[in-house]
Structures are given as structure tokens and as C-alpha cells.
Amino acid sequence: MSKGEHYTVYLPSYSDEKLLNFLSQMKSTKWEVFSKHNNYEYFSKNIHIKPITNEAFINSMATSKGVLCGAGFEAPAESLFMQKKLLVIPMKGQYEQQCNAAALSEMGVPMIKSLKKKHLDKLKKWVDSDSTVLVDYPDITDKIVSQLLEEASVICNERSVSN
């Protein structure tokens with residue numbers, strides 16, 4: 001995976017206007033914002049607004065410097081798997097997102113509560129940092145298959161003995 005010049009943003013609970021107002025304050029940072037509110041691409045200053053398509057989003061994440069997103073499951077998990085710098089904003093009133101944000105925070109992933117001006121310094125600090133959270137995702141497929149085959153063999157042997 002390459003490291004491009006932009007940050008990928010997926011915060012569907014925020015309007016494009018709110019995202020533009022907040023992110024444009026960081027004039028030298030390039031943002032690719034995936035929006036559920038638009039069906040067309042456009043640029044505004046240092047921000048590229050794009051409609052959501054799976055391929056474009058995955059490509060943007062894979063080539064980004066980092067990912068700014070909600071604290072759901074999929075985008076943070078994919079970002080961590082790709083070893084991307086990650087900052088999350090949990091959706092208000094969403095218990096799962098609050099729990100995920102707490103778990104991510106314990107892992108070292110930074111979090112801000114909203115796109116309010118008081119959180120801009122934390123966003124700037126994150127952008128200026130090279131810190132990523134590395135998560136070990138070992139491939140245990142062979143171990144699982146071996147264990148299942150062993151358990152199946154035990155069950156088959158028990159059945160043949162009882163018959």
C-alpha cells in the first residue's frame with residue numbers, strides 16, 4: 001500500500017457544508033471526503049468531495065496518509081489492517097460507536113468528539129504526527145482447520161465405537 005498526499009474522510013452523519021467548514025481550516029492538508037449527500041464530485045479549496053463508491057473509497061484509503069472516520073466497525077478495521085493512521089469521531093447517540101471508540105482509544109487510536117473548533121488542535125496534531133497503531137492480525141487459518149479436522153475425527157471415532 002502506498003502513502004499518498006491526502007487523507008480519506010468518511011463521516012456520513014455530517015453535512016458536506018460542516019465538513020468543508022471544518023477541514024478547510026487546515027489549508028495545506030488535502031482531504032478526500034466521501035459523501036452520501038452528493039452524487040457528483042467537486043473540489044472546494046483543499047477538499048475533494050466524492051460520492052460513495054466502494055472501489056473509489058477503498059482505493060482512496062489504500063493510497064492515503066490516514067483515515068478520518070466514524071467509530072463504526074468496517075472503516076476503522078480496514079484502516080488498521082492497512083496500517084493507516086486513524087482518527088475517529090463516534091456518532092452521538094450510537095452506543096456501538098461509543099464502545100468502539102473507547103476500545104480504539106485504549107489501543108492508542110486518537111478520537112475527537114465532534115467537528116467543533118475546540119477539537120481542531122487535536123486534528124492538526126494528528127495530521128502532523130506519523131504515529132500509527134500497529135495491530136497484529138496473524139493468519140491462523142491452518143490452525144483452525146487442523147483443530148476442526150481433529151475434533152471431527154474424535155466425533156467420528158466416538159460414533160464408530162458406540163455402534
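I began with Leu20, which is buried at a relative accessible area of 15%; I take buried as under 20% relative accessible area, exposed as over 50% and partly exposed as in between, with a 1.4 Å probe and protein chains only. The model is predicted, so that local features need pLDDT of at least 70 and side-chain atom pairs count only at pLDDT 80 or more, whereas totals for chains, interfaces and linings use all residues. Residues are numbered from 1 along each chain as its sequence is written, and side-chain values use heavy atoms, with hydrogens and water left out.

**Entry 1. Leu20 and its surroundings.** I located Leu20 in helix α1. Helices (H or I, at least four residues) and strands (E, at least two) are DSSP runs, numbered from the N terminus. Which residues does Leu20 contact, leaving aside neighbours within four places in sequence? I found Tyr42, Ser44, Ile47 and Ile49, where contact means heavy atoms within 4.5 Å. I also looked up Ile144, which is 124 residues from Leu20 in sequence and 47 Å from Leu20 in space, C-alpha to C-alpha.

**Entry 2. Helix α1 and Phe22.** Helix α1 spans residues 16-23, and I listed Asp16, Leu19, Leu20, Phe22 and Leu23 as its buried residues. An α-helix has 3.6 residues a turn, so residues three or four places apart point the same way. I then asked what the buried residues of α1 pack against. The elements are β1, β2, β3 (42-44), β4 (47-51), β5 (66-69) and α5 (120-128).

Phe22 is also found in helix α1, and I recorded Phe22 as buried at 3% relative accessibility. Not counting residues up to four places away in sequence, Phe22 touches Leu115, Lys116, Lys117, His119, Leu120 and Leu123.

**Entry 3. Strands β1 and β2.** I next examined β1 (residues 6-10) and β2, which run parallel and are joined by 4 bridges; two strands pair if DSSP finds at least two bridges between them. His6 stands opposite Lys30 in β2, and Val9 has Val33 of β2 as its bridge partner. Are these strands covered or exposed? I found β1 mostly covered, with 4 of its 5 residues buried, and β2 (residues 30-35) mostly covered as well, with 5 of its 6 residues buried.

**Entry 4. Loop residues.** I placed Tyr14 in the loop between β1 and α1, where Tyr14 counts as buried at 15% relative accessibility. Setting aside neighbours within four places in sequence, I noted contacts of Tyr14 with Leu19, His37, Ile89, Lys113, Ser114 and Leu115. Tyr14 and Asp128 are 114 residues apart along the chain, with their C-alpha atoms separated by 24 Å.

I turned to backbone angles. Most residues other than glycine have a negative phi. Lys45 is not a glycine, yet I read a positive phi of about 55 degrees there. Lys45 lies in the loop between β3 and β4 and is exposed, with a relative accessible area of 73%. For Gln83, also a residue other than glycine, I read a positive phi near 60 degrees; Gln83 is found in the loop between α3 (74-81) and β6 (85-88).

**Entry 5. The whole chain.** I counted 6 helices and 6 strands in the protein chain, in the sequence pattern β-α-β-β-β-α-β-α-β-α-α-α. The radius of gyration is 21 Å, well over the 15 Å that the globule rule gives for 163 residues, so the chain is more spread out than a compact globule. That radius is taken over C-alpha atoms, and the globule rule is 2.2 Å times the number of residues to the power 0.38. Along the principal axes, the C-alpha atoms fill a box of roughly 75 × 30 × 30 Å.

I noted that 40% of the 163 residues count as buried. Among contacts between residues at least 6 apart in sequence, 52% join residues at least 24 apart.
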